[in-house]
Amino acid sequence: LTPAEAVTIADYFFSSTRHDSIPSPAEWKNMGNAARGRTLYFNKYNCASCHTLGKEGGYYGPPLDNVGNRLEPAWINARLLKVHSLQKDSREPQMVASEEDARDLTKFLSQLRQRRKLSL
């Protein structure tokens, strides 16, 4: 594929899987409180017991260092609120019960991005 063809295909999949009830990535910039989400991650929900950030945390769940580059905020939010309806065989417990907590956790997780190293 050429780069232009790859972009066209990616745009098609993105637009065909969107639903009007899910906020666009641009809308997520003004949603949620990342500082509160960080507190929820480490204290209330203890996500670090299963997930790693850096070299800290558990190894049962996938590392979340780069989740902001890998997943759209709407997907993160939906997964936090209804993990088993999106992935029936998920080992992750349904822990997040409030939409406010999900928005704040989504904001925090969406900001977790590793810089990509370019090799020349």
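This is a predicted model: local features need pLDDT of at least 70, side-chain atom pairs count only at pLDDT 80 or more; totals for chains, interfaces and linings use all residues.

Me: Start with the whole chain. What makes up its secondary structure?

Reply: The protein chain has seven helices and two strands. Along the sequence the pattern runs α-α-α-β-β-α-α-α-α. Of its 120 residues, 32% count as buried.

Me: Why is histidine 51 called buried?

Reply: Buried means under 20% relative accessible area. Histidine 51 has 12%, so histidine 51 is buried. This residue sits in the loop between α3 and β1.

Me: What does histidine 51 touch?

Reply: Leaving out residues up to four places away in sequence, its contacts include Tyr41, Pro62, Leu64 and Glu92.

Me: Now the opposite end of the scale. Why is leucine 1 called exposed?

Reply: Exposed means over 50% relative accessible area. Leucine 1 has 79%, so leucine 1 counts as exposed. Leucine 1 lies in the segment before α1. Leucine 1 still touches Ala6 and Ile9, not counting residues up to four places away in sequence.

Me: On to α3. How do you know that its buried residues line one face of the helix?

Reply: The buried residues of α3 are Ala34, Gly37, Leu40 and Tyr41. Seen down the axis of α3, they fall within an arc of 110 degrees, so they line one face. An α-helix has 3.6 residues a turn, so residues three or four places apart point the same way.

Me: What is on the face of α3 turned away from the buried side?

Reply: That face carries the exposed residues Ala35, Asn43 and Lys44. The buried residues of α3, by contrast, pack against β1 and α7.

Me: What makes asparagine 33 a cap for α3?

Reply: A side-chain oxygen of asparagine 33 lies 3.0 Å from the backbone nitrogen of alanine 35. The limit for such a contact is 3.5 Å, so this pair falls inside it. The capped end of α3 is the N-terminal one. Just after α3, asparagine 46 takes a positive phi of about 50 degrees.

Me: How are α3 and α7 placed relative to each other, and what is that arrangement called?

Reply: Their axes come within 7 Å and cross at roughly 100 degrees. Angles from 65 to 115 degrees count as roughly perpendicular, so α3 is roughly perpendicular to α7. Residues in α3 that meet α7 include Ala34, Leu40 and Phe42. On the α7 side, Leu105, Phe108 and Leu109 are among those involved.

Me: Which residues of the largest nonpolar core touch the most other members?

Reply: The core has 16 residues, and Tyr41, Leu64, Leu80, Leu105, Leu109 and Leu112 touch the most other members. The elements giving two or more residues are α3, α5 and α7. The largest share, four residues, comes from α7.

Me: What does leucine 109 touch?

Reply: Leucine 109 touches Tyr41, Leu64, Val67, Gly68, Ile76 and Leu80, again not counting residues up to four places away in sequence.

Conventions. Residues are numbered from 1 along each chain as its sequence is written. Side-chain values use heavy atoms; hydrogens and water are left out. Buried means under 20% relative accessible area, exposed over 50%, partly exposed in between (1.4 Å probe, protein chains only). The arc is that of the directions from the helix axis to the C-beta atoms. Contact means heavy atoms within 4.5 Å. A polar contact is a pair of N or O atoms within 3.5 Å; within protein, one must be able to donate a hydrogen and the other to accept it, and residues adjacent in sequence count only if both atoms are side-chain atoms. A nonpolar core is a set of buried Ala, Val, Leu, Ile, Met, Phe, Trp, Tyr and Cys residues joined through side-chain atoms within 4.5 Å. Axes are lines fitted to C-alpha atoms, for helices over the stretch in contact, and angles run from 0 to 180 degrees between N-to-C directions. Angles under 35 degrees count as roughly parallel, over 145 as roughly antiparallel, 65 to 115 as roughly perpendicular and the rest as oblique.
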